Amino acid sequence: MKRRQTLFLILLPLALLAGCKGEKRIAKYSEIYNERPSTVYVAPINDISPRRAFRETADSVYNASLNTAARQLYLTATDPLTSHGYYTMGPLASAQLAATESRTGKQLRNENINDLYTDLGIDAVLFIDLISWSQTSSSWSVEAEYVMRSTHSGTEVFHVHVNTTKYLHTDFKGNPKPLKEDLDFAKKYGCDLETAQRCRMVEIMNQYVLRDIPSGSRARKYSAEQYVNSHPEYFRLRIHRDGSVELLSAITD
């Protein structure tokens, strides 16, 4: 809980400052304000990021690290939605729904999904594509796309494409040095430090991206929120060594 509170205190003021580069929320998210969705279903992650061909043990370890981080991306996507006033299905209920769903992810994105509302009371479905991973000696990077689709109108009410990089502390030889938070995460979940840092990065990305969505029905409403500028549709997110977060409005090399 303490880590989440610290994360929120870091992200909120930066989100408001960085948001000045986008259009007003009331314009960008007009469909959400009109439909006022309450319950959101997070569909299984569409992980299309490349894996290494298995030639040695290090390749298997690397692939396992990406798999764990992808699960963390999925498991923490509901947190910012819930804290922002939405009802979300828990991981077990979501897994059960996914197991019984006869439609493919492509069909859910493009065909009629009104039955999710009439049968289950779901107002919107959040899709997350995990596109790619990359790294240098002092950073981890991930590229992802978020799409939310209304079950009432079938329209796309939210879309973000983001490239996130987490910069690492290094020693005098240039080797990555984990932060205390990385060590604590690795110890708590029994994973290696590389995996811990990837997991922490995608959790921060979820918080930053999804808290830009207008507040849900369970949140206290502030009329001024509608006139705060939103994030751009395409942007880069930088998580610096001190834990601060910076938004760059365009994805450029």
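Reader: Among contacts in the protein between residues at least 6 apart in sequence, what percentage join residues at least 24 apart?

Author: Please bear in mind that this is a predicted model. Of those contacts, 68% join residues at least 24 apart. The protein has ten helices and ten strands, and buried residues account for 47% of its 253 residues.

Reader: How many residues does the largest nonpolar core have, and which have the most contacts inside it?

Author: A nonpolar core is a set of buried nonpolar residues joined through side-chain atoms within 4.5 Å. Here the largest one has 47 residues, and Tyr 146 and Phe 158 have the most contacts inside it. Helix H10 (residues 193-210) supplies the largest share of this core, nine residues. Apart from it lies another core, of ten residues, including Leu 108, Leu 116, Ile 122 and Val 125.

Reader: With which residues is Tyr 146 in contact, leaving aside its neighbours within four places in sequence?

Author: Among them are Leu 73, Phe 127, Ile 128, Phe 158, Val 162, Met 205 and Leu 210.

Reader: Which residues of strand S10 are on its covered face, and which on its uncovered face?

Author: In a regular strand, side chains alternate between the two faces of the sheet. In strand S10 (residues 245-248), Val 245 and Leu 247 form the covered face, whereas Glu 246 and Leu 248 form the uncovered one.

Reader: How many bridges join strand S9 to S10, and do they run parallel or antiparallel?

Author: Strand S9 (residues 234-239) is joined to S10 by four bridges, and the two run antiparallel. Opposite Leu 248 in S10 stands Arg 236. The two strands form a hairpin with five residues between them, and Gly 243 in the turn has a positive phi of about 95°.

Reader: Where is Arg 36 found, and is Arg 36 buried or exposed?

Author: Arg 36 is found in the loop between helix H3 (30-35) and strand S1 (39-42). Although not a glycine, Arg 36 has a positive phi of about 50°. Its relative accessibility is 56%, so Arg 36 counts as exposed.

Reader: How many aromatic pairs does the structure hold, and what is the geometry of the pair formed by Phe 185 and Tyr 189?

Author: An aromatic pair is judged by the distance between ring centres and the angle between the planes. The structure holds three such pairs. Phe 185 and Tyr 189 form a tilted one, 4.5 Å centre to centre with 40° between the planes. The two residues are separated by about one helical turn because they are four residues apart in helix H9 (residues 180-189). Phe 185 is buried, at 5% relative accessibility, while Tyr 189 is partly exposed, with a relative accessible area of 45%.

Reader: Which arginine lies over the face of Trp 133, and which over the face of Tyr 87?

Author: Arg 198 lies over the face of Trp 133, at 5.7 Å from the ring centre. Over the face of Tyr 87 lies Arg 218, at 5.0 Å from the ring centre.

Terms used
Residues numbered from 1 in each chain as written. Predicted model: local features only at pLDDT ≥ 70, side-chain atom pairs only at ≥ 80, totals over all residues. Heavy atoms only, no water. Buried < 20%, exposed > 50% of the residue type's maximum accessible area, 1.4 Å probe, protein only. Pairing = 2+ DSSP bridges. Contact = heavy atoms within 4.5 Å. Phe/Tyr/Trp six-rings, centres within 6.5 Å; stacked < 30°, edge-to-face > 60°. Lys NZ or Arg CZ within 6 Å of the ring centre and 35° of its normal.
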